[in-house]
Amino acid sequence: MHGNNDSEGLTQAVIEKVSGAADPRVAQTGAALIRHLHAFIRDVRPTQEEWEAGIAFLTDTGHMCDDKRQEFILLSDALGVSMLVDAINHGDDPVATESTVFGPFYHPTEEWPQGADISGTMTGTPLFVSGRVLDNRGNPLAGAVVDVWHADDQGFYDVQMERLEGKDAGRAWFRTDGEGRFHFWTIRPSPYPIPNDGPVGKMLAAQGRHPFRPAHVHFMIQSDGYRKLVTHLFEEGSPYLDSDVVFGVKPSLICEFTEHQGGVAPDNRRMDGEWRSLNHDFILTPLADAA
Ligand code: BEZ
Ligand code: FE
């Protein structure tokens, strides 16, 4: 006798099995997963070999992961899933600074004093960054933690450079002053490709996509009683603003990295040659509003 060929019946049977979970969220997500996964398979009708290639792709993605590389997050990013999760969980405060992807290059670092140069051994055009942290009613937030990280003029983060042996460059955190202000020096980042030597890189190539992100500086801003803000500021005019491989660009996050030649910087430093400045205020949502 042949097996059960009624594929709709199969889907229903699996949904019934997974829907019995004691935790209602586990039951709900399990049922939705089976519904969508089976619909995908019915849509695509993979051959046995294609199914095996899909399993091999997921296996390779797992093997690529270690404490420095998270290929599954990269996959989520490149498929727009990370930005969809971001959209579902943020964006309810029209005044607050918009959020975007976290990315894989954050790691905890040290507090630096206001005005410090955090570029370390990185090379590039000097960049003066300043701004304020405010609540959504315009009140300054003193003592807020402003974490920053970014790539150099070659498109590499410090964590990607073995020669730095764990020394931070292009990353730091600052505490805002009594008026919610912060400022520091670093270097102007450049566009860069996301790590593309693994399965996600192969997927992008197969899909005819480039792996690049436009130039940006990452910010993570935290203040007690406020929703944590994870975002970037993108450089106006940068290549790839309209084709970011991880779909992270929002128009409100595109800023002028103003060009200067010589002269005196806002902190009275005398400058030689080209330098840039970036000034931006960040607005946080009180947890009471977020609830
Ligand atoms: C980043 O901007 O650091 C990043 C974000 C998503 C994937 C890869 C890199
Ligand atoms: Fe980045």
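At roughly what angle do the axes of helix 1 and helix 2 cross, and within what distance do they come?

Mentor: The model is a predicted one, and the answer should be read accordingly. Helix 1 covers residues 7-18 and helix 2 covers residues 24-44; their axes come within 8 Å and cross at roughly 160°. An angle over 145 degrees counts as roughly antiparallel, and the two helices are therefore roughly antiparallel to each other. The crossing in which helix 1 passes helix 2 is right-handed.

The contact itself can be followed residue by residue.

Thr 61 lies in helix 3, which spans residues 48-63. With a relative accessibility of 0%, Thr 61 counts as buried, because the limit for that term is under 20%. Setting aside residues up to four places away in sequence, Thr 61 touches Glu 71, Phe 72, Leu 75 and Pro 199.

Elsewhere, five strands form an open sheet with mixed pairing, in the order 3-2-7-8-9. Strand 3 (171-175) and strand 9 (254-255) each have a single partner strand, so one side of each is left without a neighbour in the sheet. Strand 2, residues 145-150, runs antiparallel to strand 3 and is joined to it by five bridges. Within this pairing, Val 148 has Ala 172 of strand 3 as its bridge partner.

Technical notes
Residues are numbered from 1 along each chain as its sequence is written. Chains are lettered from A and ligands numbered from 1 in the order in which they are written. This is a predicted model: local features need pLDDT of at least 70, side-chain atom pairs count only at pLDDT 80 or more; totals for chains, interfaces and linings use all residues. Side-chain values use heavy atoms; hydrogens and water are left out. Two strands pair if DSSP finds at least two bridges between them. Helices (H or I, at least four residues) and strands (E, at least two) are DSSP runs, numbered from the N terminus. Buried means under 20% relative accessible area, exposed over 50%, partly exposed in between (1.4 Å probe, protein chains only). Contact means heavy atoms within 4.5 Å. Axes are lines fitted to C-alpha atoms, for helices over the stretch in contact, and angles run from 0 to 180 degrees between N-to-C directions. Angles under 35 degrees count as roughly parallel, over 145 as roughly antiparallel, 65 to 115 as roughly perpendicular and the rest as oblique. A crossing is left-handed if the near helix is turned anticlockwise from the far one by less than a right angle, and right-handed if clockwise.
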